[in-house]
Amino acid sequence: MTLATALSATLPDWLVADLPNLPETLPTLEDRMDLVNALADRNWRAGNGGPFAAIVVEAESGRLVSAGVNVVLSSGLSSQHAEVTAIGLAQTALGRWDLGASGADLQLVVNWRPCVMCYGATMWSGVRSLVVAGEGPELESLSGFDEGPVVADWIAQFEARGIRVITDVRRDEAVRVFADYGAADAVVYNARGAVT
Ligand SMILES: [Zn+2]
(Lines give C-alpha, C1' and ligand atoms only; values in the text may rest on other atoms or scores of the structure.)
Protein backbone atom coordinates (compact mmCIF):
# COMPACT_ATOMS: atom_id res chain seq x y z
CA MET A 1 0.00 0.00 0.00
CA THR A 2 1.32 3.41 -0.94
CA LEU A 3 0.20 6.27 1.21
CA ALA A 4 -0.41 9.67 -0.32
CA THR A 5 2.18 12.37 0.41
CA ALA A 6 0.48 15.49 -0.87
CA LEU A 7 -2.89 16.92 -1.64
CA SER A 8 -3.87 19.69 -3.93
CA ALA A 9 -6.86 21.61 -5.13
CA THR A 10 -6.97 23.78 -8.22
CA LEU A 11 -9.38 26.40 -9.39
CA PRO A 12 -11.56 25.24 -12.28
CA ASP A 13 -10.38 26.07 -15.77
CA TRP A 14 -13.20 28.55 -16.37
CA LEU A 15 -12.20 30.59 -13.32
CA VAL A 16 -8.50 30.42 -14.11
CA ALA A 17 -9.32 31.78 -17.56
CA ASP A 18 -11.51 34.45 -16.02
CA LEU A 19 -9.09 35.70 -13.36
CA PRO A 20 -7.41 38.31 -15.60
CA ASN A 21 -10.84 39.76 -16.33
CA LEU A 22 -11.90 40.16 -12.71
CA PRO A 23 -11.83 43.72 -11.34
CA GLU A 24 -8.61 44.57 -9.53
CA THR A 25 -10.58 46.44 -6.89
CA LEU A 26 -14.13 46.07 -5.62
CA PRO A 27 -14.84 49.31 -3.78
CA THR A 28 -18.20 48.56 -2.15
CA LEU A 29 -19.54 45.56 -0.24
CA GLU A 30 -22.18 45.17 -2.94
CA ASP A 31 -19.48 45.04 -5.63
CA ARG A 32 -17.75 42.30 -3.70
CA MET A 33 -20.86 40.23 -3.14
CA ASP A 34 -22.00 40.62 -6.74
CA LEU A 35 -18.79 38.91 -7.81
CA VAL A 36 -19.18 36.18 -5.20
CA ASN A 37 -22.78 35.45 -6.18
CA ALA A 38 -21.86 35.34 -9.87
CA LEU A 39 -18.97 32.93 -9.25
CA ALA A 40 -21.17 30.75 -7.01
CA ASP A 41 -23.83 30.50 -9.67
CA ARG A 42 -21.36 29.61 -12.38
CA ASN A 43 -19.56 27.08 -10.20
CA TRP A 44 -22.34 24.62 -9.69
CA ARG A 45 -23.49 24.93 -13.28
CA ALA A 46 -19.95 23.97 -14.36
CA GLY A 47 -20.01 20.89 -12.11
CA ASN A 48 -17.11 21.78 -9.83
CA GLY A 49 -19.01 21.56 -6.58
CA GLY A 50 -21.63 23.42 -4.63
CA PRO A 51 -23.09 26.88 -5.32
CA PHE A 52 -20.52 28.65 -3.19
CA ALA A 53 -17.78 31.19 -3.81
CA ALA A 54 -15.62 33.38 -1.63
CA ILE A 55 -13.08 36.12 -2.13
CA VAL A 56 -10.44 37.74 0.03
CA VAL A 57 -10.00 41.48 -0.39
CA GLU A 58 -8.24 44.31 1.35
CA ALA A 59 -11.07 45.67 3.48
CA GLU A 60 -10.38 49.35 2.89
CA SER A 61 -9.50 49.49 -0.79
CA GLY A 62 -11.30 46.38 -1.99
CA ARG A 63 -8.22 45.17 -3.81
CA LEU A 64 -8.79 41.56 -4.77
CA VAL A 65 -6.33 39.16 -3.12
CA SER A 66 -7.90 35.82 -4.03
CA ALA A 67 -11.01 34.28 -5.54
CA GLY A 68 -12.15 30.79 -4.64
CA VAL A 69 -15.05 28.50 -5.32
CA ASN A 70 -16.18 25.20 -3.90
CA VAL A 71 -14.10 22.51 -5.64
CA VAL A 72 -15.16 19.47 -3.62
CA LEU A 73 -16.28 17.48 -6.64
CA SER A 74 -13.42 18.43 -8.98
CA SER A 75 -10.70 17.99 -6.33
CA GLY A 76 -12.13 14.95 -4.56
CA LEU A 77 -11.48 16.73 -1.25
CA SER A 78 -14.42 17.18 1.09
CA SER A 79 -12.84 20.16 2.85
CA GLN A 80 -12.41 22.27 -0.28
CA HIS A 81 -15.29 24.61 0.40
CA ALA A 82 -15.15 28.08 -1.14
CA GLU A 83 -13.91 29.74 2.04
CA VAL A 84 -11.11 27.21 2.54
CA THR A 85 -10.11 27.59 -1.10
CA ALA A 86 -10.12 31.41 -1.04
CA ILE A 87 -8.25 31.59 2.27
CA GLY A 88 -5.64 29.09 1.08
CA LEU A 89 -5.11 30.92 -2.20
CA ALA A 90 -4.72 34.24 -0.37
CA GLN A 91 -2.19 32.68 2.00
CA THR A 92 -0.35 31.18 -0.95
CA ALA A 93 -0.31 34.50 -2.81
CA LEU A 94 0.96 36.40 0.22
CA GLY A 95 3.31 33.66 1.37
CA ARG A 96 2.10 33.52 4.95
CA TRP A 97 -0.35 31.53 7.04
CA ASP A 98 -1.54 34.53 9.04
CA LEU A 99 -3.54 36.87 6.83
CA GLY A 100 -3.64 39.37 9.69
CA ALA A 101 0.13 39.61 10.07
CA SER A 102 1.71 43.06 10.17
CA GLY A 103 -1.63 44.70 10.80
CA ALA A 104 -3.12 43.68 7.47
CA ASP A 105 -6.88 44.24 7.34
CA LEU A 106 -8.14 41.52 5.03
CA GLN A 107 -11.76 40.60 4.53
CA LEU A 108 -13.45 37.35 3.55
CA VAL A 109 -16.62 37.73 1.49
CA VAL A 110 -18.84 34.68 1.04
CA ASN A 111 -22.38 34.01 -0.14
CA TRP A 112 -23.76 32.63 3.15
CA ARG A 113 -22.86 32.12 6.77
CA PRO A 114 -19.92 29.67 6.87
CA CYS A 115 -20.60 26.02 7.67
CA VAL A 116 -19.20 24.55 10.87
CA MET A 117 -15.87 23.72 9.20
CA CYS A 118 -15.44 27.08 7.50
CA TYR A 119 -16.43 28.82 10.71
CA GLY A 120 -13.28 27.41 12.24
CA ALA A 121 -11.19 27.95 9.12
CA THR A 122 -12.17 31.62 9.06
CA MET A 123 -11.19 32.04 12.70
CA TRP A 124 -7.79 30.47 12.07
CA SER A 125 -7.08 32.48 8.92
CA GLY A 126 -6.23 35.91 10.28
CA VAL A 127 -8.90 37.81 8.33
CA ARG A 128 -10.19 40.82 10.22
CA SER A 129 -13.71 40.89 8.86
CA LEU A 130 -16.30 38.59 7.32
CA VAL A 131 -19.06 39.68 4.97
CA VAL A 132 -21.92 37.26 4.27
CA ALA A 133 -24.93 37.60 2.01
CA GLY A 134 -27.12 36.18 4.74
CA GLU A 135 -27.76 33.53 7.34
CA GLY A 136 -30.78 31.43 8.17
CA PRO A 137 -32.47 28.25 6.98
CA GLU A 138 -32.75 29.16 3.29
CA LEU A 139 -29.43 27.62 2.31
CA GLU A 140 -30.14 24.23 3.83
CA SER A 141 -33.77 24.12 2.79
CA LEU A 142 -33.09 25.19 -0.80
CA SER A 143 -29.82 23.38 -1.44
CA GLY A 144 -30.04 20.29 0.77
CA PHE A 145 -26.67 20.81 2.45
CA ASP A 146 -26.20 20.16 6.16
CA GLU A 147 -24.12 23.05 7.44
CA GLY A 148 -23.47 21.46 10.83
CA PRO A 149 -23.87 22.69 14.39
CA VAL A 150 -22.68 26.28 14.14
CA VAL A 151 -23.22 27.97 17.49
CA ALA A 152 -26.15 30.35 17.84
CA ASP A 153 -23.91 33.24 18.88
CA TRP A 154 -21.54 32.73 15.96
CA ILE A 155 -21.28 36.45 15.24
CA ALA A 156 -20.44 37.31 18.85
CA GLN A 157 -17.77 34.59 18.84
CA PHE A 158 -16.14 36.17 15.78
CA GLU A 159 -16.37 39.67 17.21
CA ALA A 160 -14.80 38.50 20.48
CA ARG A 161 -11.80 37.41 18.42
CA GLY A 162 -11.44 40.67 16.56
CA ILE A 163 -13.29 39.64 13.42
CA ARG A 164 -16.06 42.04 12.40
CA VAL A 165 -19.12 40.47 10.80
CA ILE A 166 -21.36 42.16 8.25
CA THR A 167 -24.51 40.36 7.12
CA ASP A 168 -27.29 40.80 4.58
CA VAL A 169 -25.39 42.05 1.57
CA ARG A 170 -27.17 41.08 -1.67
CA ARG A 171 -29.13 38.45 0.26
CA ASP A 172 -31.91 38.02 -2.30
CA GLU A 173 -29.46 37.24 -5.08
CA ALA A 174 -27.70 34.64 -2.92
CA VAL A 175 -31.02 32.94 -2.18
CA ARG A 176 -31.85 32.90 -5.88
CA VAL A 177 -28.60 31.03 -6.62
CA PHE A 178 -29.42 28.41 -3.98
CA ALA A 179 -32.96 28.04 -5.29
CA ASP A 180 -31.74 27.49 -8.86
CA TYR A 181 -29.24 24.94 -7.60
CA GLY A 182 -31.81 23.10 -5.53
CA ALA A 183 -34.25 22.99 -8.42
CA ALA A 184 -31.64 21.53 -10.77
CA ASP A 185 -31.19 18.18 -8.99
CA ALA A 186 -27.42 18.70 -8.75
CA VAL A 187 -25.18 16.50 -6.61
CA VAL A 188 -25.36 17.19 -2.88
CA TYR A 189 -22.25 15.60 -1.41
CA ASN A 190 -22.77 15.48 2.33
CA ALA A 191 -20.90 12.28 3.14
CA ARG A 192 -23.82 10.97 5.17
CA GLY A 193 -26.33 11.72 2.46
CA ALA A 194 -28.36 14.73 1.61
CA VAL A 195 -30.77 16.31 4.02
CA THR A 196 -34.16 16.15 2.45
ZN1 LIG B 1 -17.87 25.34 4.52
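Close-up 1. At a relative accessible area of 35%, R176 is partly exposed, a class lying between buried (under 20% relative accessible area) and exposed (over 50%), computed with a 1.4 Å probe on protein chains only. E173 is likewise partly exposed, at 30%. The two side chains meet in a salt bridge with an N to O distance of 2.8 Å; the term denotes a side-chain nitrogen of Lys or Arg within 4 Å of a carboxyl oxygen of Asp or Glu. E173 and R176 are 3 residues apart in helix α8 (residues 171–183), which separates them by about one helical turn. Helices (H or I, at least four residues) and strands (E, at least two) are DSSP runs numbered from the N terminus.

The model is predicted: local features need pLDDT of at least 70 and side-chain atom pairs pLDDT 80 or more, whereas totals for chains, interfaces and linings use all residues. Residues are numbered from 1 along each chain as its sequence is written, and side-chain values use heavy atoms, without hydrogens or water.

**Close-up 2. D41 and R45 in helix α2.** These residues both lie in helix α2, 4 residues apart, or about one turn of the helix. D41 is buried, with a relative accessible area of 15%, whereas R45 is partly exposed at 48%. A network of salt bridges links D41, R45, E173, R176 and D180.

**Close-up 3. The salt bridge between D168 and R171.** The closest N and O atoms of D168 and R171 are 3.2 Å apart. R171 is partly exposed, with a relative accessibility of 23%. By the rule stated above, the count of salt bridges comes to 10.

Close-up 4. Five strands form an open sheet of mixed pairing, in the order β2-β1-β3-β4-β5; two strands pair if DSSP finds at least two bridges between them. Strands β2 (64–69) and β5 (164–166) are the edge strands, each pairing on one side only. From one strand to the next, the twist averages 15°. Axes are lines fitted to C-alpha atoms, for helices over the stretch in contact, and angles run from 0 to 180 degrees between N-to-C directions.

**Close-up 5. Strand β1 and the packing of helix α2.** Strand β1 (residues 53–58) pairs with β2 in the antiparallel sense over 5 bridges. I55 stands opposite A67 in β2. Helix α2 (residues 29–46) packs on the sheet and touches β1, β2, β3 (106–110), β4 (129–132) and β5, contact being heavy atoms within 4.5 Å. The direction of helix α2 makes about 150° with that of β1.
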